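Hi,

Here's the structure I promised to pass on. Have a look, and my notes follow below.

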Amino acid sequence: VSRFQREVEIARSLHEENVVQVLEVSGPEDGLPFLAMEQLHGVTLSEHLRQKTRLSVSELTELMTALARGTGAAHKAGIIHRDLKPSNIFLHEGGGKSTWKILDFGVSKFMDQGDTLTAGAIVGTPAYMSPEQARSGELSSRTDLYALGVVAYRALTGRPAFIGKDLPAILHSVVYESPPSPRGFADMPAEMELVLAIAIAKDPNDRFADSEEMSSAFVAVEQGTLTAALRARGESILEQHPWAASPWGARNA
């Protein structure tokens, strides 16, 4: 119940088109806690990718722009989602348009508060956790940006960035290893690999400063206008942590 009430508190504070909207919540006089949200029609990103396999660069740019607005609103409110992944991202069809929405703030936390409901535990989904999250380290808004980078990798390549036979193996890969080169699985501009390298950098300080900078970089790749500074950042990160050799075989296999 405490976790539920926290999700209500978090969700009510966000008023952004790309975050699922809360319509009504229970009060102290209600016998059963409830949370009424807007009704969505469509599929999650995970379902969408099972049907489509991967997104084009332009489709990914649209997705990342929408998610940046949603996470940006959360971060400005002092909220870290901590569990961004394809199954928590929804493509809503309504009002004559398609809208990407972020779902499930059940494991979120306020940046300036403690975390007594999850203290001492690793919280999130292993394959989309940041290295600092996997080590139960200090989290920040860049933790969410990392998860969005891993989502972008999955959406572009049709493959998860990190795999393993069990939980410890996945977490080890997240903390110490790099995924295979994205261009080994799908056609994309070379600059996309530089932007992805920044997004999923092991060191939070090497990542994008905020969601706006991150989404702008994806737009720049699509438009062919990536700055020399971002190119240099991506190249520097790849010098330290180059893409791994693919364990999955030939391209598009």
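Glu191, Met192, Val195, Leu196 and Ala199 in H7 meet Met214, Ala217, Phe218 and Val221 in H8 (contact being heavy atoms within 4.5 Å; helices are DSSP runs of H or I, at least four residues, and strands of E, at least two, numbered from the N terminus). By class, that contact has eight nonpolar, no polar and one charged residues (Ala, Val, Leu, Ile, Met, Phe, Trp, Tyr, Cys and Pro count as nonpolar, Asp, Glu, Lys and Arg as charged, the others, Gly among them, as polar).

Before you go further: this is a predicted model, where local features need pLDDT of at least 70 and side-chain atom pairs 80 or more, while totals for chains, interfaces and linings use all residues. Numbering starts from 1 along each chain as its sequence is written, and side-chain values use heavy atoms, without hydrogens and water.

There are seven salt bridges in the structure (a side-chain nitrogen of Lys or Arg within 4 Å of a carboxyl oxygen of Asp or Glu). In one of them, lysine 97 pairs with glutamate 17 at 2.4 Å, N to O. Lysine 97 sits in strand S6 and glutamate 17 in the loop between H1 and S1, so the pair ties together parts 80 residues apart in sequence. Another joins glutamate 59 to lysine 52 at 3.3 Å, N to O.

Arginine 154 is buried yet has no salt bridge (buried means under 20% relative accessible area, 1.4 Å probe, protein chains only). The nearest side chain of opposite charge, glutamate 59, is 11 Å away (Lys and Arg count as positive, Asp and Glu as negative; His and the chain ends are not counted).

Cheers

Conventions:
Buried < 20%, exposed > 50% of the residue type's maximum accessible area, 1.4 Å probe, protein only.
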